Amino acid sequence: QYSSVFKECLTINPEQKNELAKKDIQILERAIKLRPTYTRTWLLLGNYYNFIVDNNPNISPEEKEAFLTKADYYFSKANELSPKRQEVFLGWSDTYLLWEKYEEAKNKTDQCIRLNENFGDCYWQKALCNVVLGEIQESSDNLKKGEQHGFRIDSNQKRLSKLLDAYLVLIKKAGNTNLEYYRGIASVYRGLLVNDPTNSQYHASLAYVYKTLGQYDKAAEQAFMVFSFQPENKEMAENFIKALFPFAAEYPAIHYFLASIYIQAGPPEKAKEELIKTKELYLQLISRYPANANYHLNLALAYKELGEYEKAKEEEQKAQELAP
């Protein structure tokens, strides 16, 4: 009963999560002495130790090691009491992920799946292990299997954040700029922005990811979104875009987004200067790729901002003809 109350308190007072989790551990450790064969108590203790490690970025290496050793012990005891309980292997896998023992974590998810192949949570947990091990295709396959068995992540911020953390661990661990990894990260950030579209940090991070992928126009768009939600930081946004793109002159969309900043926050002469650059670059692109509807449409936008409405209308009509 105490544990149930604490769980409610964690929801209501998330800022006190570490303090509340430690109090709950004290209660549960008394409970196992009174009722040592009740599996759920051992399982909860393991999960709470995982929770404290996962939610305390400033934890010392010594304390982290001690807490995860305890979690490992509690899940082992839970498994002795209930050897076919999938929840145990899910929590146990979390312990090994936090412990950076990734193969052991993956092994626990395999045991989880063998107990019941229709439990989507097991595939989700294995997908996280796949990511940190650099097994991107396997991760994708397991995410699909999880969805087939009712486990979805596309609208769940907490799950998307865990998947993002797994990718960041992989990047840090591998010291690798494998573009496949960054494509996965971009997908996660896009998912996070669906439910939190005004999060400037997500837009800024996605801009850097797109830059790494060489998708400069998309990167510029995300950089501009940072400014859109923080219009008081005009200088920051301008410098941010220029720092992202040392070869900005090659990318017309970057000039257009810089112009958009100057249109909203001034100075107007800088806006016109950037719009003219935008127009000239799109004209060059269209001369090489006349059937690209997006180029015509973007050129129409530049003409519109410059007040050249007839030319804007012509380009908009060409875009519509090419992509009705």
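The labels are taken up one by one below.

Analyst: This is a predicted model, so local features need pLDDT of at least 70, side-chain atom pairs count only at pLDDT 80 or more, and totals for chains, interfaces and linings use all residues. Residues are numbered from 1 along each chain as its sequence is written, and side-chain values use heavy atoms, with hydrogens and water left out.

User: What makes the contact between Glu87 and Arg40 a salt bridge?

Analyst: A salt bridge needs a side-chain nitrogen of Lys or Arg within 4 Å of a carboxyl oxygen of Asp or Glu. For Glu87 and Arg40 the N to O distance is 3.6 Å. The pair therefore qualifies. The structure holds 15 salt bridges.

User: Why is the pair of Glu87 and Arg40 said to tie together parts that are apart in sequence?

Analyst: Glu87 lies in helix α5 (residues 86-98) and Arg40 in helix α3 (residues 39-54), so the tie spans 47 residues of sequence. Helices here are DSSP runs of H or I with at least four residues, strands are E runs of at least two, and numbering starts from the N terminus.

User: What is Glu87 linked to in a network?

Analyst: Arg40 and Arg85 join Glu87 in a network of salt bridges. The bridge from Glu87 to Arg85 has an N to O distance of 3.3 Å.

User: Why is Glu87 called partly exposed?

Analyst: Buried means under 20% relative accessible area, exposed means over 50%, and partly exposed is in between (1.4 Å probe, protein chains only). Glu87 has 37%, so it is partly exposed. Arg40, at 31%, gets that label too, and Arg85 is partly exposed at 24%.

User: How do you know that Glu274 is buried?

Analyst: Its relative accessibility is 3%, so Glu274 counts as buried. Glu274 sits in helix α15 (residues 268-288). Neighbours within four places in sequence aside, Glu274 is in contact (heavy atoms within 4.5 Å) with His255, Leu258, Ala259 and Tyr262.
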